Amino acid sequence: MANFSKVKRLRIYQRDSFTCAYCGEKIQNLSNLHLEHIHPKSKGGKSNDDNLTTSCISCNLYKYNLTSQEFLLKAIDKYLEHKQMADYFLKITTNLKKKLSA
Ligand SMILES: [Zn+2]
(Lines give C-alpha, C1' and ligand atoms only; values in the text may rest on other atoms or scores of the structure.)
Protein backbone atom coordinates (compact mmCIF):
# COMPACT_ATOMS: atom_id res chain seq x y z
CA MET A 1 0.00 0.00 0.00
CA ALA A 2 1.22 3.47 -0.80
CA ASN A 3 2.48 5.62 1.98
CA PHE A 4 0.10 8.55 2.34
CA SER A 5 0.48 11.24 4.94
CA LYS A 6 -1.82 11.04 7.96
CA VAL A 7 -3.33 14.38 6.98
CA LYS A 8 -4.20 13.14 3.51
CA ARG A 9 -5.67 9.90 4.87
CA LEU A 10 -7.83 11.70 7.38
CA ARG A 11 -8.99 14.22 4.77
CA ILE A 12 -10.25 11.46 2.48
CA TYR A 13 -11.78 9.43 5.33
CA GLN A 14 -13.66 12.53 6.51
CA ARG A 15 -14.80 13.38 2.98
CA ASP A 16 -16.18 9.83 2.69
CA SER A 17 -17.77 9.93 6.18
CA PHE A 18 -15.58 6.99 7.26
CA THR A 19 -17.66 4.74 5.03
CA CYS A 20 -16.30 2.03 2.74
CA ALA A 21 -16.94 2.96 -0.89
CA TYR A 22 -17.58 -0.66 -1.82
CA CYS A 23 -19.61 -2.45 0.86
CA GLY A 24 -21.01 0.76 2.34
CA GLU A 25 -20.04 -0.09 5.93
CA LYS A 26 -19.31 2.79 8.26
CA ILE A 27 -16.01 2.00 9.96
CA GLN A 28 -15.58 3.00 13.59
CA ASN A 29 -12.04 1.76 14.06
CA LEU A 30 -9.57 3.86 12.06
CA SER A 31 -7.09 0.99 11.86
CA ASN A 32 -9.67 -0.93 9.79
CA LEU A 33 -9.73 1.76 7.11
CA HIS A 34 -7.59 1.82 4.00
CA LEU A 35 -7.07 4.43 1.34
CA GLU A 36 -7.90 2.80 -1.95
CA HIS A 37 -7.08 3.74 -5.56
CA ILE A 38 -10.40 3.67 -7.47
CA HIS A 39 -8.55 3.23 -10.75
CA PRO A 40 -5.69 0.92 -9.75
CA LYS A 41 -2.24 2.43 -9.42
CA SER A 42 -0.82 -0.56 -11.29
CA LYS A 43 -3.05 0.43 -14.23
CA GLY A 44 -2.00 4.07 -14.27
CA GLY A 45 -4.33 5.41 -11.56
CA LYS A 46 -3.13 8.61 -9.92
CA SER A 47 -2.83 9.28 -6.20
CA ASN A 48 -4.91 12.45 -6.27
CA ASP A 49 -8.01 12.91 -4.12
CA ASP A 50 -10.39 12.18 -7.00
CA ASN A 51 -8.91 8.72 -7.49
CA LEU A 52 -8.67 7.85 -3.81
CA THR A 53 -11.47 6.51 -1.70
CA THR A 54 -12.11 5.05 1.72
CA SER A 55 -12.24 1.28 1.89
CA CYS A 56 -12.50 -1.35 4.58
CA ILE A 57 -9.65 -3.85 4.73
CA SER A 58 -11.71 -6.67 3.21
CA CYS A 59 -12.83 -4.66 0.19
CA ASN A 60 -9.32 -3.33 -0.36
CA LEU A 61 -7.93 -6.86 -0.38
CA TYR A 62 -10.68 -8.31 -2.59
CA LYS A 63 -10.54 -5.44 -5.06
CA TYR A 64 -6.72 -5.46 -5.17
CA ASN A 65 -5.79 -4.20 -8.64
CA LEU A 66 -9.24 -4.45 -10.22
CA THR A 67 -11.22 -1.54 -11.59
CA SER A 68 -14.59 -0.88 -9.94
CA GLN A 69 -16.30 -2.51 -12.92
CA GLU A 70 -14.16 -5.65 -12.60
CA PHE A 71 -14.67 -5.69 -8.84
CA LEU A 72 -18.43 -5.57 -9.35
CA LEU A 73 -18.24 -8.67 -11.56
CA LYS A 74 -16.01 -10.42 -9.02
CA ALA A 75 -18.43 -9.55 -6.21
CA ILE A 76 -21.34 -11.00 -8.20
CA ASP A 77 -19.36 -14.23 -8.74
CA LYS A 78 -18.39 -14.40 -5.08
CA TYR A 79 -21.97 -13.70 -4.03
CA LEU A 80 -23.17 -16.61 -6.12
CA GLU A 81 -20.50 -19.07 -4.97
CA HIS A 82 -19.85 -18.12 -1.33
CA LYS A 83 -22.98 -18.71 0.67
CA GLN A 84 -21.06 -17.94 3.86
CA MET A 85 -20.17 -14.37 2.89
CA ALA A 86 -23.11 -13.78 0.60
CA ASP A 87 -24.36 -10.80 2.64
CA TYR A 88 -21.01 -9.07 2.34
CA PHE A 89 -20.73 -9.57 -1.41
CA LEU A 90 -24.36 -8.65 -1.94
CA LYS A 91 -23.67 -5.30 -0.23
CA ILE A 92 -20.76 -4.66 -2.59
CA THR A 93 -22.80 -5.69 -5.60
CA THR A 94 -25.72 -3.45 -4.69
CA ASN A 95 -23.54 -0.52 -3.73
CA LEU A 96 -21.20 -0.65 -6.73
CA LYS A 97 -24.04 -1.10 -9.21
CA LYS A 98 -25.61 2.07 -7.84
CA LYS A 99 -22.32 3.99 -8.01
CA LEU A 100 -21.31 2.82 -11.46
CA SER A 101 -24.67 3.66 -12.98
CA ALA A 102 -24.81 7.12 -11.35
ZN1 LIG B 1 -15.90 -2.61 2.41
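The cut-offs are simple: a residue is buried if 20 or more other C-beta atoms lie within 10 Å of its own, exposed if 12 or fewer, and partly exposed in between, with C-beta atoms placed from the backbone. The structure is a predicted model, in which local features need pLDDT of at least 70 and side-chain atom pairs count only at pLDDT 80 or more, while totals for chains, interfaces and linings use all residues. Residues are numbered from 1 along each chain as its sequence is written.

**Residues in the loops**

Serine 17 sits in the loop between α1 (6-15) and β1. Helices (H or I, at least four residues) and strands (E, at least two) are DSSP runs, numbered from the N terminus. The backbone of serine 17 has a positive phi of about 55 degrees, although the residue is not a glycine.

Tyrosine 64 also has a positive phi, near 50 degrees, and is a residue other than glycine. Find tyrosine 64 in the loop between α2 and α3. Tyrosine 64 is exposed, because it has 12 other C-beta atoms within 10 Å.

Glutamine 28 lies in the loop between α1 and β1. Its 8 C-beta neighbours inside 10 Å make glutamine 28 exposed.

The loop between β1 and β2 holds lysine 46. Lysine 46 has 12 other C-beta atoms within 10 Å, so it is exposed.

Proline 40 lies in the loop between β1 (33-37) and β2 (52-56). Is proline 40 exposed or partly exposed? Proline 40 has 18 C-beta neighbours inside 10 Å, so it counts as partly exposed. Leaving out residues up to four places away in sequence, proline 40 touches Gly45, Asn65, Leu66 and Thr67. Two residues are in contact if their C-beta atoms, placed from the backbone, lie within 7 Å.

**Apart in sequence, apart in space**

The table pairs residues by place in the chain and by C-alpha distance.

| Pair | Apart in sequence | C-alpha to C-alpha |
|---|---|---|
| Proline 40 and threonine 67 | 27 residues | 6.3 Å |
| Glutamine 28 and threonine 53 | 25 residues | 16 Å |
| Lysine 46 and lysine 74 | 28 residues | 23 Å |
| Isoleucine 76 and asparagine 48 | 28 residues | 29 Å |

**Helix α3**

Isoleucine 76 belongs to helix α3 (residues 68-81). This residue counts as partly exposed, because it has 16 C-beta neighbours inside 10 Å.

Helix α3 has 14 residues. From first C-alpha to last, α3 reaches 20 Å, close to the expected 20 Å at 1.5 Å a residue. The expected span is 1.5 Å times one less than the number of residues.

Which residues of α3 are buried? They are Phe71, Leu72 and Ala75. These residues sit on the same side of α3, because they cover an arc of only 105 degrees around the axis. The arc is that of the directions from the helix axis to the C-beta atoms. On the other side of α3, Gln69, Asp77, Leu80 and Glu81 are exposed. The buried residues of α3 pack against α2 (57-63) and α4 (86-101).

Helix α4 has 16 residues. It reaches 22 Å from its first C-alpha to its last, close to the 22 Å expected at 1.5 Å a residue. Its buried residues are Tyr88, Phe89, Ile92, Thr93, Asn95 and Leu96. They pack against α2 and α3.

How do α3 and α4 meet? Their axes come within 8 Å and cross at roughly 150 degrees. Axes are lines fitted to C-alpha atoms, for helices over the stretch in contact, and angles run from 0 to 180 degrees between N-to-C directions. The crossing of α3 and α4 is left-handed, a word used if the near helix is turned anticlockwise from the far one by less than a right angle.

On the α3 side, the contact is made by Ser68, Gln69, Phe71, Leu72, Ala75, Ile76, Lys78 and Tyr79. On the α4 side, Ala86, Phe89, Leu90, Ile92, Thr93, Leu96, Lys97 and Leu100 take part. By class, this contact of α3 with α4 has 11 nonpolar, three polar and two charged residues. Here Ala, Val, Leu, Ile, Met, Phe, Trp, Tyr, Cys and Pro count as nonpolar, Asp, Glu, Lys and Arg as charged, and the others, Gly among them, as polar.
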